[in-house]
Amino acid sequence: MPEPTEAGEQRILAGRYAIGEFVGQGGMATVYRGTDTKLGRQVAIKVMKANLADDADFRERFRQEAQSASRMAHPTIVRVFDAGDDLIRTADGPQRLPFIVMEYVEGTNLRQLASEQRLSQSEACRITDSVLTALEYSHRAGIVHRDIKPANIMITTDGQVKVMDFGIARAVSETSSTLQQTTAILGTAAYFSPEQAKGDTVDARTDLYSTGVLLYELLAGAVPFQGDTAVSVAYQHVSERPTPPSERDSEVTAELDRVVLHAMQKDRARRFQSASEFRDALRLAAEGTMPKLAADHGGDGDTVLFSGGEEVSESDLALRQLAESGGGSRTQSRPPVMWTWAAILTVGAVIVAVVFWLVTLSPYQVFPEDSREVPDLAGIEREAAVETLEGMGLVPIPVERANEDVAAEHIIETDPEVGANLSEGDTITIYVSTGPATAEIPETESMSVEDYTTEIEGLGLVVGQVNTENDPVAPKGRVMSVSPEVGTSVESDTVVTLTVSSGNVQVPDVKGQSLTAAQSQLESLSLDLKIVPNDECDQANNLPIVEQSAVGDQPQGTEVSLTYCSG
């Protein structure tokens with residue numbers, strides 16, 4: 001476990017990640033809440049156990065798998081931001097331990113949630129549906145999880161499902177020589193597929209088996225196979241049929257029984273072949289409709305895996321086929337050479353056709369009809385971005401973040417990133433700039449109140465009170481001064497008071513004054529000054545003003561007539 005380097009000093013990993021409070025501990029790693037000091041965001045830091053750190057192969061494999069996982073961006077997957085290893089002080093002295101930096105998720109994992117409460121069938125199906133959505137995305141990216149289990153599934157505070165630890169199981173299993181070592185690290189063999197238990201190669205269907213076990217547990221309240229050791233549990237996965245979930249909980253429907261048992265077929269060729277196939281069947285079963293599974297097709301009664309709601313074991317199938325063939329074995333002669341070459345040419349033609357199809361196929365055709373490609377929203381105003389995403393059938397989740405380069409209320413980036421493919425109804429996080437964390441009050445530069453307000457808000461500041469003031473020169477609405485003063489460095493969300501021109505001037509009463517004195521006072525006030533002589537009055541010294549057409553608060557440009565006594 002990492003410790004501070006000195007009393008009161010926070011531990012920093014790789015010169016960037018500040019380790020915070022302890023979050024939890026598992027068979028492979030210890031998790032801390034942390035801060036990315038470079039980007040100023042909260043992260044989860046997973047520090048791997050010391051018994052893994054001694055394995056150089058593991059460290060290299062771990063780094064490679066983390067890099068692959070970091071390329072996945074989907075709402076149902078916990079993002080991987082970084083990975084590496086660092087020299088950490090432990091109870092046994094300094095040691096170089098691998099770590100992975102992930103998205104910090106507010107919530108709890110499914111293991112804790114299920115231990116605190118029994119989930120309803122609908123909630124179990126909803127969670128499994130989201131897990132399958134995550135697997136569909138990862139499998140399409142060529143990544144097999146290998147360790148689907150409740151502890152690797154996070155439920156956020158608002159109920160969103162997120163799958164984590166993609167690739168870690170591969171790094172562990174490919175650098176651990178025995179089943180006992182692997183299961184000791186992964187924590188449990190309860191979710192192993194038969195091929196994992198036998199040490200065979202794995203593929204996407206391995207994850208679907210483990211997801212079937214997960215669904216079984218959520219429905220029945222317990223895993224299908226239990227034992228005193230990991231080896232005994234693994235043996236059951238290989239050799240024993242699971243008890244239908246409905247025999248453990250009578251409320252489990254026959255439709256869900258069918259889906260779970262199909263997902264847990266020993267032979268991976270007889271399971272669901274893709275996450276989307278599994279998910280579609282699960283949705284039908286959750287609605288009370290019996291799904292028609294792939295194994296139901298083909299017309300050969302001997303290959304049907306379910307009959308009257310029961311699974312036909314592979315041994316029963318073999319006995320049935322033996323009986324129908326007369327109980328004896330049949331020797332097949334070697335096919336003629338011509339047939340062999342015909343088969344080779346046929347396979348070659350198929351390969352060429354598939355390659356041509358992949359090369360010429362439009363990239364949009366490989367995704368489902370409800371697929372949505374994340375558009376480039378960087379720099380777009382929040383309202384326009386939300387409108388665009390909602391128009392695509394996506395659900396935007398705004399998250400505000402300070403940014404030096406992007407104006408406030410404009411989009412910094414999205415998660416998933418531009419170009420990622422989502423399904424209709426998926427959520428997408430849009431990071432909205434609040435402007436820089438600190439900003440200088442900008443110059444007014446004879447700006448209008450509208451333009452200056454836009455600039456202020458773009459810096460993450462708030463326009464507060466707007467005062468008006470008469471000015472003989474500044475047009476109406478022109479910013480004259482601000483508080484705090486121009487050039488002052490302030491924090492984001494600071495309220496700025498503006499003083500703007502009212503567009504009016506204060507016209508003094510100049511009656512009785514000389515024409516020269518009156519003109520001197522009024523000519524600088526942006527008025528339309530008219531001088532009118534009056535020769536009917538007696539001329540006095542300095543041509544006194546006898547009449548004035550306007551006095552007091554007047555709009556700039558107002559016509560003001562001054563009548564003076566000309567004699």
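Let's start with contacts along the chain. Contact means heavy atoms within 4.5 Å. Take the contacts in the chain with a separation of 6 or more: residues 24 or more positions apart account for 65% of them.

A word on the source. This is a predicted model, so I follow its rules: local features need pLDDT of at least 70, side-chain atom pairs count only at pLDDT 80 or more, and totals for chains, interfaces and linings use all residues. Residues are numbered from 1 along each chain as its sequence is written, and side-chain values use heavy atoms, with hydrogens and water left out.

Now the overall count. The chain has 16 helices and 26 strands. Helices (H or I, at least four residues) and strands (E, at least two) are DSSP runs, numbered from the N terminus. Of the 567 residues in the chain, 44% are buried. Buried means under 20% relative accessible area, exposed means over 50%, and partly exposed lies in between, with a 1.4 Å probe and protein chains only. The accessible surface of the chain is about 28,900 Å². Carbon and sulfur atoms hold 49% of that surface. Those areas come from the Shrake-Rupley method with a 1.4 Å probe; for residues, only the protein chains shown count as cover.

On to a sheet. Find S13, S14 and S16. They form an open sheet of three strands, in the order S13-S16-S14, with mixed pairing. Two strands pair if DSSP finds at least two bridges between them. Which strands are at the edges? They are S13, residues 395-401, and S14, residues 411-415, and each pairs on one side only. From one strand to the next, the twist averages 25°. Angles here run from 0 to 180 degrees between N-to-C directions, and axes are lines fitted to C-alpha atoms, for helices over the stretch in contact.

S14 pairs with S16, residues 427-433. The sense is antiparallel, over four bridges. Look at aspartate 415: it stands opposite threonine 429 in S16. A helix joins the picture too. H14, residues 382-391, lies across S13, S14 and S16. H14 runs at about 155° to S13.

Stay with aspartate 415. A cis peptide bond joins aspartate 415 to proline 416, with omega about 10°. Proline 416 sits in the loop between S14 and S15, residues 421-423. There is another cis bond, from serine 483 to proline 484, with omega near 5°. Where is proline 484? Proline 484 is in the loop between S19, residues 479-483, and S20, residues 489-491.

Next, the loop between S13 and S14. Glutamate 409 is found there. Its phi is near 70°, a positive value in a residue other than glycine. Is glutamate 409 buried or partly exposed? Glutamate 409 counts as partly exposed, because its relative accessibility is 38%.

Arginine 146 also has a positive phi, near 80°, and it is not glycine. Arginine 146 lies in the loop between H4, residues 121-140, and S8, residues 153-156. At 17% relative accessibility, arginine 146 counts as buried.

S8 and S9 pair over three bridges. Isoleucine 155 stands opposite valine 161 in S9.

Now a helix pair. Two packed helices are described by the angle between their axes and the distance between the axes. H8, residues 204-220, and H10, residues 254-263, pack at about 145°, with their axes 8 Å apart. Which residues of H8 meet H10? Leu208, Tyr209, Gly212, Leu215, Tyr216 and Leu219 in H8 meet Leu256, Val260 and Ala263 in H10.

Last stop: threonine 563, in strand S26, residues 559-565. Threonine 563 counts as buried, because its relative accessibility is 11%. What does it touch, leaving aside neighbours within four places in sequence? Threonine 563 is in contact with Val532, Asn534, Pro544, Ile545, Val546 and Glu547.
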